[in-house]
Amino acid sequence: DNAWDHESPAARTMITRSFQLTNIAEDSGKRDGLQIVRYHQGQGYNTHPDYFTPSSVDDDFDFYPYSGGSNRFATVFMYLNDPEEGGHTVFPRAPGTVPGATAPQHALDMFEAKTWERTVGEECYTRLAVPPKRGTAALFYSITPDGQIDPSSHHAACPLLGGTKWGANIWIWNRQRYGEIRTGE
């Protein structure tokens with residue numbers, strides 16, 4: 001489940017803190033709205049990037065920061081509660097693995113073989129993953145310092161094994177975001 005908020009006092013606080021965390025001057029033209037998400041037991045989100053490619057959205061817009069374009073530069077994902085089990089944010093394309101780690105059998109038994117849930121569930125225990133803990137956040141960048149798209153930023157929401165997971169995320173753009181042009185400033 002998801003909803004959007006950029007006006008409530010709580011959302012304004014989370015947006016401001018996200019900009020402070022990235023050390024980028026807060027600018028409403030450099031962000032999307034705050035997305036609030038809720039996952040129930042068994043739910044997750046398949047591996048995906050937060051950046052856009054021209055073929056995925058609009059051939060008339062430059063999504064490549066290295067050529068002067070604009071794209072989602074950083075993601076801040078905030079954990080709003082402590083789920084009972086599971087619900088990590090995993091980065092399956094990031095370098096390195098967790099030696100000798102395996103997913104618990106009860107986590108694997110929840111999903112059929114060769115489904116994305118099973119694949120992501122296995123990666124949640126063997127790849128770089130951030131556990132959901134109330135009051136913490138995962139910060140990651142989709143664009144490298146030289147303006148290149150970073151495929152190692154692909155991530156997934158690990159299936160929730162118990163309880164409910166609440167989170168919020170904000171996407172911060174490197175320049176004025178697509179679809180909103182301001183003049184006179």
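Trainee: Which element gives the most to the lining of the largest pocket?
Mentor: Happy to start there, and keep in mind that this is a predicted model. The largest pocket has a volume of about 470 Å³. Elements that give two or more residues to its lining are β2 (34-39), β3 (45-48), β4 (72-79), β9 (155-157) and β11 (165-173). With 4 residues, the one that gives the most is β2.

Trainee: Which residues lining the largest pocket are the closest to its centre?
Mentor: The lining of the largest pocket holds 24 residues. They divide into 11 nonpolar, 8 polar and 5 charged. From that lining, the closest to the centre are Q35, Y39, Y45, H48 and W171.

Trainee: Let's move on. How much space lies in the second largest pocket, and which element gives the most to its lining?
Mentor: The space in the second largest pocket is about 230 Å³. Two elements, α1 (9-22) and β4, each give two or more residues to its lining. The one that gives the most, with 5 residues, is α1.

Trainee: Which residues lie nearest the centre of the second largest pocket?
Mentor: This pocket is lined by 13 residues. Sorted by class, its lining has 7 nonpolar, 4 polar and 2 charged residues. Nearest the centre lie R17, M78, G135, T136 and A137.

Trainee: Which helix provides the largest share of the lining of the largest cavity?
Mentor: Residues lining this cavity include G86, H88, F111, C124 and L161. By class, the lining has 7 nonpolar, 4 polar and no charged residues. The largest share, 3 residues, comes from a helix spanning residues 116-126, namely α3.

Trainee: Now for the surface. Why can Y141 be counted in a nonpolar patch there?
Mentor: Y141 lies in strand β8, which covers residues 137-141. Together with L21 and L139, Y141 forms a nonpolar patch with about 240 Å² of accessible area. Patch residues need over 30% relative accessible area. Y141 passes that cut-off because it is partly exposed, with a relative accessible area of 32%.

Methods. Residues numbered from 1 in each chain as written. Predicted model: local features only at pLDDT ≥ 70, side-chain atom pairs only at ≥ 80, totals over all residues. Heavy atoms only, no water. Patch = residues over 30% accessible without salt bridge, like charges linked within 9 Å, V, L, I, M, F, W, Y side chains within 5 Å. Areas by Shrake-Rupley, 256 points an atom, 1.4 Å probe, with all protein chains shown as cover. Salt bridge = Lys/Arg side-chain N within 4 Å of Asp/Glu carboxyl O. Buried < 20%, exposed > 50% of the residue type's maximum accessible area, 1.4 Å probe, protein only. 1 Å grid on protein atoms, 1.4 Å probe; cavity = no way out; pocket = protein on both sides within 12 Å on 5 of 7 lines; lining within 4 Å. Points joined across faces, edges and corners; volume = space filled by probe spheres on them. Nonpolar A, V, L, I, M, F, W, Y, C, P; charged D, E, K, R; others polar.
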